[in-house]
Amino acid sequence: MKQQFFKLYLIITVSLIALVLAFGQLYNQFFSEQIPSVQISVAELAQIAEQKETRISSFNQNELFLPASLQAKFDKDGIISVTENNQQYIYLKGNNGSIQKVGPISLISQAKTDWLAFFAFYFLLGSMILLFIRPVFRDLSLLQRAAHRFSKKPQRIELDIKPNSSIAPLASTFTHMSERINKFVQLHNDLSRIISHEIRTPLTRMRFALSIADLESQESSQIERDIDEIELRLEQYLSFARLEHQQSVFNQEKVNLAKLINTEIAKFDLYKELKFIPALEVDTAYCEASFMAIAVQNLLINATKYAKHTIHISSTEQAGYYSISITDDGPGLPINADALIEPFKQGEGDKLASGYGLGLYIVYRIASWHGGKISLANSSQTGGAEITIRWPKSGK
């Protein structure tokens with residue numbers, strides 16, 4: 001903020017100085033009447049008056065011989081000063097065509113610029129500008145620090161800014177905004193805790209019922225794994241919420257990406273009507289394993305909703321980036337595909353898009369945490385949706 005303050009102060013000061021100087025030049029050029037004149041001392045004027053017969057002489061115009069440039073100036077202004085034998089003389093044109101020669105005299109040179117007054121004026125101008133903009137930047141600096149604190153820990157922010165400040169309305173709006181966001185974050189945290197408690201209770205009952213039910217061992221094992229998966233994802237989504245509000249540390253490390261993807265694919269073994277075709281070129285990658293698994297699982301869930309027969313899963317490494325692509329052979333993405341990344345958004349005019357809601361937003365956020373991005377397109381080979389996560393090899 002200090003750098004911006006000095007930059008703005010310098011721009012305003014230099015601009016005003018240039019404006020004052022330019023206005024002075026324009027005034028002298030267009031509004032100030034230019035009258036030819038010469039300056040002599042009071043003593044010289046007294047000598048001319050006392051010795052008129054020796055200091056002033058008259059003669060006709062045809063007796064004066066001047067260079068062409070001086071003659072033109074003399075005809076225009078009616079007065080010129082010339083140097084003869086190292087002495088100064090003044091020639092004046094009379095009304096009757098006669099010419100008076102005054103001299104020799106000592107002409108007074110042009111008055112020198114009073115630099116002290118010049119710098120004093122512009123110093124005063126700069127001081128007035130400083131007094132005007134300094135309070136504004138002081139209050140903006142307070143607002144900037146408050147916004148930085150709020151980004152680290154959402155809470156209601158009170159700003160020590162006077163009501164007569166230029167940014168008082170902005171400060172008041174910021175205070176109200178921080179209060180509303182803080183309430184929203186608290187509500188979000190409360191809902192997370194409530195969901196955690198309310199979901200675990202029926203899961204416990206399901207696990208108990210499963211233990212006493214007469215089911216095939218394969219079906220029982222699959223349901224048991226699904227319950228474990230729900231509990232695991234519950235913990236991960238709660239971590240997701242904490243991470244979204246920067247309440248925990250996001251750690252990336254080298255993981256076996258091929259194993260991670262295959263593990264997620266194996267969870268869909270019950271989808272006998274669908275064929276999962278992996279093409280995994282990347283063995284290990286730098287990422288946060290649990291959240292990358294969430295992203296892959298969300299993409300696979302979306303693909304299973306719309307795929308007809310096959311789902312292609314690929315991983316590549318190119319130009320310093322990792323990428324995971326999941327492609328289905330379904331009807332493809334709706335018209336406004338990019339809007340699906342926003343939470344709870346669905347495709348316009350496309351009933352098939354009803355399943356796209358929070359899932360792609362979660363994938364988008366996980367990609368962002370990795371310093372990457374998500375891209376949505378329709379595959380030219382299968383005609384279905386092709387969704388790709390891409391993130392740098394070096395991490396964020």
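This is a predicted model: local features need pLDDT of at least 70, side-chain atom pairs count only at pLDDT 80 or more; totals for chains, interfaces and linings use all residues.
Figure 1. Helix H9, residues 289–306, lies across S6, S8, S9 and S11, and H9 runs at about 20 degrees to S9. Follow the open sheet in the order S6-S8-S9-S11-S10, and you will find mixed pairing. Strands S6 (275–280) and S10 (373–378) form the edges, each with pairing on one side only. From one strand to the next, the twist averages 15 degrees. Helix H8 (residues 257–266) also packs on the sheet, where H8 touches S6, S8 (310–318), S9 (321–328) and S11. The direction of H8 makes about 175 degrees with that of S6.

Figure 2. Strands of a sheet pair through backbone hydrogen bonds, in a parallel or an antiparallel way. To find your place, look for Lys 373, which stands opposite Arg 390 in S11.

Figure 3. H5 covers residues 115–152, which makes 38 residues. From its first C-alpha to its last, H5 reaches 53 Å, close to the expected 56 Å.

**Figure 4. Phe 150 meets Phe 174.** Aromatic rings count as a pair if their centres lie within 6.5 Å, and by this rule there are six aromatic pairs. In this one, the ring centres are 6.3 Å apart and the planes stand at 70 degrees, so the pair is edge-to-face. Phe 150 in H5 and Phe 174 in H6 (residues 168–212) are 24 residues apart, and their pair links distant parts of the chain. Phe 150 is buried, with 11% relative accessible area, and Phe 174 counts as buried at 12%.

**Figure 5. Tyr 361 and Tyr 364 in helix H10.** These two rings form a tilted pair, 6.4 Å from centre to centre, with 40 degrees between the planes. Because the two tyrosines are three residues apart in H10 (residues 358–369), about one helical turn separates them. Tyr 364 is partly exposed, with a relative accessible area of 33%.

**Figure 6. A cluster of rings.** Ring pairs join Phe 268, Tyr 271 and Phe 276 into a cluster.

Notes. Residues are numbered from 1 along each chain as its sequence is written. Side-chain values use heavy atoms; hydrogens and water are left out. Helices (H or I, at least four residues) and strands (E, at least two) are DSSP runs, numbered from the N terminus. The expected span of a helix is 1.5 Å times one less than its number of residues. Two strands pair if DSSP finds at least two bridges between them. Axes are lines fitted to C-alpha atoms, for helices over the stretch in contact, and angles run from 0 to 180 degrees between N-to-C directions. Contact means heavy atoms within 4.5 Å. Rings of Phe, Tyr and Trp (its six-membered ring) pair if their centres lie within 6.5 Å; planes under 30 degrees apart count as stacked, over 60 as edge-to-face and the rest as tilted. Buried means under 20% relative accessible area, exposed over 50%, partly exposed in between (1.4 Å probe, protein chains only).
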